[in-house]
Structure formats: structure tokens, C-alpha cells
Amino acid sequence: MVEKFHTELASLKGDVLVMGRLAQGMLHRSMEALRTRDATLAGSIDRDKKDLADYDHEIEQKCLRLIALHQPMAKDLRTIAASMKVITNLYRIGRYGKDIAIVVPDLADAPHVGNLVSIPHMGNLVEGMIADTLIAFEREDLSVIDNIIKQEEVVDALRYSIFRECLTYMMEDPKNITRCTNYVMIARYLERCGDHACKIAEKVHYMATGERIEIR
């Protein structure tokens, strides 16, 4: 029975990682679609939202079943509890990827203002944060997320930098207002994805150590 439980627990973690790669992929493809102004690629991301929702539901059910049938204790219980929280954050990351993709067709008819300001750089940083938290979750290795607080601070600073730069472009030419407003919104989405990566890091830390931390 114990061996069967740990096999199922390993399968649960594998499912979380698959969902994580899906969410991460949705965000990555949305950023690529934005950079290249590829409306077709952006449209393909919307089709992933059902798979994302299905993973969210199925993993939650698997977590509840493991608790009900095996009554796990200590680290095993923390792993299940952390998994339930992690998938919520992964779902939001994937949805933000979809939200960015929705904007792409409106931006596809003209070159980007200011070479997309610092949005590509911000996107790369956030994707890196997400990738690190998934590795930490898989390996239960907290050293991978040692720098996540500093990364989050950089992402926050970039959001405000993008806002100020976009404001300058909008004042220079009113024709830039709609496009730059979308850039500001996308920067906000990326910041929120970074926040969700931090929340995943908090849960990984709790899973591995039993200690709760808060990453602001």
C-alpha cells in the first residue's frame, strides 16, 4: 500500500510538471506571437485553455483522492497540499498567456512602437522565473530559486519603466495611445505571472521544509 501511494504521489508531481510546461508554453508562445505580430500563432494559444482547465480539475481530484484514501502525513501531505496550490498559480499563468495572445491581432497591422519597449526582456525574465520554480518543484532543490526575490524586484521595476516609456511615446504622438496602452496592460500581465512564480516558490519551500515564507 505504501509503495502504491508513493507511485501515485510521483505520478501526481509528474502531472503538475506537465501542466506547468503547458502553462509556460502558452506564455512563451504568446510572447513570440507578440514579438513577431503573428496573429495565427496567437490564435493557436486559445485552443490550449481547455487542456489547461482539464489538468487543473484532474490534478485537484487526484490530490483529494490521495488524501482520502491514504491519509498522508508530514512531507507527503505537504507535497499534495503544495501541488493543489501550485496548479492554481499555473492556471493563472496560462490564462495570462492567453490574455496576451488576445491582444496580438490588434497589434499585428503595424510595426511595434519603440521596438516593443522592454517587454521582450521582461517576458524572458518571467519565463525564467517560472522555469526555475518548476525545476525546484521537481527536484525539491531550493537553491534553484535562491534569486527569485531579486528577479521579482527587477520585473516590478521593468513594469514601471515600461509605463513611463509608453507614456512618453503617447505624449509624442496620440496615434501611439492605443498601442502603448496595450503594452502597459501586457507588462501588468507579465508582472502578475512573476507574482505567481513567486507563489509557486513559496509552496515549494513549504513542501521541502515545512516552513512558510512570503515573497513580496
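Of the 63 residues in the largest nonpolar core, which touch the most other members? The model is predicted, so local features need pLDDT of at least 70 and side-chain atom pairs count only at pLDDT 80 or more, while totals for chains, interfaces and linings use all residues. Residues are numbered from 1 along each chain as its sequence is written, and side-chain values use heavy atoms, with hydrogens and water left out.

**Core**

The residues that touch the most other members of this core are L27, L34, L90, I119, Y183, I186 and L190. A nonpolar core is a set of buried Ala, Val, Leu, Ile, Met, Phe, Trp, Tyr and Cys residues joined through side-chain atoms within 4.5 Å; buried means under 20% relative accessible area, with exposed over 50% and partly exposed in between (1.4 Å probe, protein chains only). Two or more residues each come from α1 (2-36), α2 (39-46), α3 (48-70), α4, α5, α6 (148-172) and α7. Helices are DSSP runs (H or I, at least four residues), numbered from the N terminus.

Helix α1 has 35 residues and reaches 51 Å from its first C-alpha to its last, close to the expected 51 Å, where the expected span is 1.5 Å times one less than the number of residues. R37, with a positive phi near 60 degrees, follows α1.

H112 is found in the loop between α4 and α5 (119-139) and is buried at 17% relative accessibility. Leaving aside neighbours within four places in sequence, H112 is in contact (heavy atoms within 4.5 Å) with L34, R35, R37, L107, R179 and Y183. Two polar contacts of its side chain are tabulated; such a contact is a pair of N or O atoms within 3.5 Å, and within protein one must be able to donate a hydrogen and the other to accept it, residues adjacent in sequence counting only if both atoms are side-chain atoms.

| H112 side chain to | Distance |
|---|---|
| L34 backbone oxygen | 2.7 Å |
| Y183 side chain | 2.8 Å |

**Aromatic residues**

A search of the whole structure finds 1 aromatic pair. Y96 and Y189 form this tilted pair, 5.4 Å centre to centre with 35 degrees between the planes. Y96 lies in helix α4 (residues 74-107) and Y189 in helix α7 (residues 177-209), so the pair ties together parts 93 residues apart in sequence. Rings of Phe, Tyr and Trp (its six-membered ring) pair if their centres lie within 6.5 Å; planes under 30 degrees apart count as stacked, over 60 as edge-to-face and the rest as tilted. Y96 is buried at 12% relative accessible area, and Y189 is buried at 17%.
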